[in-house]
Amino acid sequence: MASPDIAASLGLTAQEIDKAERHEANLVDGIWIFIVGDLFIFASYFVTYALWRNWEHGIFLAAQQHLSLGFGLFNTMALLVSSWTLAAALKAMRAGDFDAAGWLTLATMGFGLVFVVSKITEWSVEVSHGFVFTSNMFSQFYFWTTGVHILHVFFGLLALFRLYLEVKDPACRNLATAESAAAFWHMVDLLWLVIFALMYLMR
Amino acid sequence: MTGAVPPIPSGWFAKMAWHLRHNPKADLWVAWFSIPIAYNIMGIVYFTITHMMPPPDATKNHAQIVEFFTKFGFEIRLGFGIMLVSLAFLVWANDLIGWLIMKMDIPHVKAWGYAYMIAMCGGGFTGAYMSAFTMSVASMRPDRDPAMLEVLYDLTYISFDGTMGFFLFGSLIWTYTILADKSRLFPKWFGYTCIWNFTTEFLVSPAVIVHSGPFSWNGTIAFWIDTVVYILWQIVYVFMLYYAVKRVDPPQDRFRLKRIARLTGQLTPHPA
Amino acid sequence: MPKSLNHTLLLSVPIIGMIWIAAFLVFPTYTPMSPTMTAADVAAFYGNPANATRVQFSMIVFNWFEIGMVGLYATIAMQMQRMSHGGGPLAWVYMAVTLGGACMFAAANLFWIVAAYRPDRAPEAIQLLSDMGWVCFTVPTGFLIGQAVTLAFAVFLDDRGDPVFGRWVGYLNVVAAIAWIPAAFGALYTTGPLAWDGWITFHLRIWTFAIYNIAMFIAAWNARHRLDKPSVAE
Amino acid sequence: MQYLFKGRIALVWLGLTIVTLISWQISYVGRAGLSPDLTVSMAVIVIAVIKARFVLREFMEVGHASRWLRVLSDVWVVGLPAAILGALWI
């Protein structure tokens, strides 16, 4: 970062320096711009899905039979439990109990991995029944949306792993990053709740 | 180089000349200005001159493909000529970012900067210029065998949408460096939004498989939503680079401290 | 090591240049094939064994040495790091556009080789490959323009008392960049000076390229001793 | 693990689970025929965004965040079902 005298020598007014430095103050809010944007981007995908569902209602309903409600419900539960343990981890961190916070974060990652394994199993079962990406418009939406969602799950798992490392290391503990990672993971859960309703439950 | 630095003049062009001559970051500002210029040229070329964007239907039959290349033939070749003249500006943008990455505070920062430059410049060759050649060749002779025109047509859009890995890794590197950078050259929230940029490259992958619907290369999701998000992000990106260039130290230069001291009037001109 | 070998990289440049000229002369036609040739004519051109052999030999030699000029360009990029503003992004832009130009020539080279590989292919396909080759050879002058503009900026921004390159290098680069601009529109017309065999797109471009490389070699050679000093940019 | 039961998070989780099961039941009733049913679609969408709002407010703690965040998240919660149902009706 530019030291003050160099900044002054570059002809920056005090206002401009202030403007440049102001980004610093916004660390906690950092993830929120991304989360709100992501929610709206996903909303645009959901609306596109609803439109196509309206146009090809029969095909969508018939193709929906290939999905297994049991898997969907199990995946939803896995993510809901992981959200619960993560919320508890944050509470433990605020209480200064970093041991419990570490275990709860690990539990969250565990449930996240359960989701990943279950989702991949579900995909392979569907593919083995001949239900693949190019089968029809519903399958395209289904594989694509769940694929983008699982990509977010992977990002979330990386963020949680980073959070776990920070919790373990007394020198790096930082509530702001913890809250960011947790918010991201809850958003992944939230999106899945909507995807579950749209793909599995709608008639 | 003798004499003290004159004060900044008021006229628009005089001001520009002053900055080119005396601003210690003159090269960075030149590179920065190339970004809005280059992206505007690209936007005009793609959307208004060549009609390459928004992409036409992937399910066109031979007769429609011939008609497309016949109708827009001259514009296509003119537009890509303009784009090819100005393409170096895009390289300036990439290398400005690569160089800014090298000024961040993370371990092995130079390797990250080189990796970014290589990835982004490499992607340009198939991601942006391949389509220029295939479109030009196709529109030169629309009376060619329609099957060959179809090959060129597919090659154009699939090379444009299908060059994913280079940009994926380039943006991934940039995202990681912004988030890991302890000097906060770029704000953290911008780093998070960079995730959209590289996720886009995953999202367009169905465009190389399906021919119609929202995931084809002219579909609602694979093209329109992606493009809207990308353009909004691009506007933010230009401003973020502006602040980063303002904040970063000038290039390491033996004469830098003297230059700066002279700018602030703390040092009388040194004998050459 | 003998002192004369200190500049091997730079001394390789005239040798590579002579090989390029030789390979250029081996190509069956001095000016490019006319863009107005029909598919049958193009197929006949590549079907003629004498032409095909010369195309193949010429392209094999070009393929071997197409990246050979990199010694000159890398040396210039090193010199740019000794300028007061050249060592930042500009030196890297210079390297990148150099690579881009070489890649585009390599693409053209491969298209011609493939065109000559199976003369019994459908004439339409041979014409397509030949067109791709000529367009990839003619149109991407943007890389050369980028090279020249970048170096010109670095030279003009070099405000030290003892500049690395003289001002004339900057002006030469600007003139060269202007001379290369029309070639980017080489696909617009099939006849006249702007066609890919026209004098603006072909002769002007090729001769500017030759003069540019000779002049840049002279400039780099005159400044060669500066490479012994540490660079300005870290 | 006392933190799992600290505050309201356990209650919220229980509520989300029950509501999920309810929406599953709603959809399961017509499973045999898989007949189109706009009422079921509407119900599951509204339940989904209500769940989403609980996740936003209770887990993501948007309730304590700045005003623009609260407003934008509520715009999403209200606007998404409206847009989806609009798209289904067209």
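**Entry 1: chain D against chain A**

I started with the contacts in this predicted model. I find 48 residues of chain D in contact with 53 residues of chain A.

Next I looked up the area. The size of an interface is often given as the accessible area lost when the parts come together. Chain D and chain A bury about 4500 Å² between them. Carbon and sulfur atoms account for 78% of that area.

Which residues form the salt bridge, I asked? The count between chain D and chain A is one. Arg94(A) pairs with Glu61(D), and their closest N and O atoms lie 2.9 Å apart.

I then checked polar contacts across the interface of chain D and chain A. Nine residue pairs qualify, both residues at pLDDT 80 or more.

I also noted which elements of chain D supply the side that touches chain A. Those giving two or more residues are α1 (9-29), α2 (38-59) and α3 (67-89). I sorted the residues on that side of chain D: 35 are nonpolar, eight polar and five charged.

**Entry 2: Asn213(C)**

I moved to chain C. Asn213(C) sits in helix α9, residues 199-222.

Is Asn213(C) buried or exposed? Its relative accessibility is 9%. Buried means under 20%, so Asn213(C) counts as buried.

I listed what Asn213(C) touches, leaving out residues up to four places away in sequence: Trp20(C), Met69(C), Leu72(C) and Tyr73(C). With Tyr73(C) there is also a polar contact: the two side chains are joined at 2.9 Å.

How values were computed
Residues are numbered from 1 along each chain as its sequence is written. Chains are lettered from A and ligands numbered from 1 in the order in which they are written. This is a predicted model: local features need pLDDT of at least 70, side-chain atom pairs count only at pLDDT 80 or more; totals for chains, interfaces and linings use all residues. Side-chain values use heavy atoms; hydrogens and water are left out. Helices (H or I, at least four residues) and strands (E, at least two) are DSSP runs, numbered from the N terminus. Buried means under 20% relative accessible area, exposed over 50%, partly exposed in between (1.4 Å probe, protein chains only). A polar contact is a pair of N or O atoms within 3.5 Å; within protein, one must be able to donate a hydrogen and the other to accept it, and residues adjacent in sequence count only if both atoms are side-chain atoms. Contact means heavy atoms within 4.5 Å. Buried area is the accessible area (1.4 Å probe) that two parts lose on being put together, summed over both. A salt bridge is a side-chain nitrogen of Lys or Arg within 4 Å of a carboxyl oxygen of Asp or Glu. Ala, Val, Leu, Ile, Met, Phe, Trp, Tyr, Cys and Pro count as nonpolar, Asp, Glu, Lys and Arg as charged, and the others, Gly among them, as polar.
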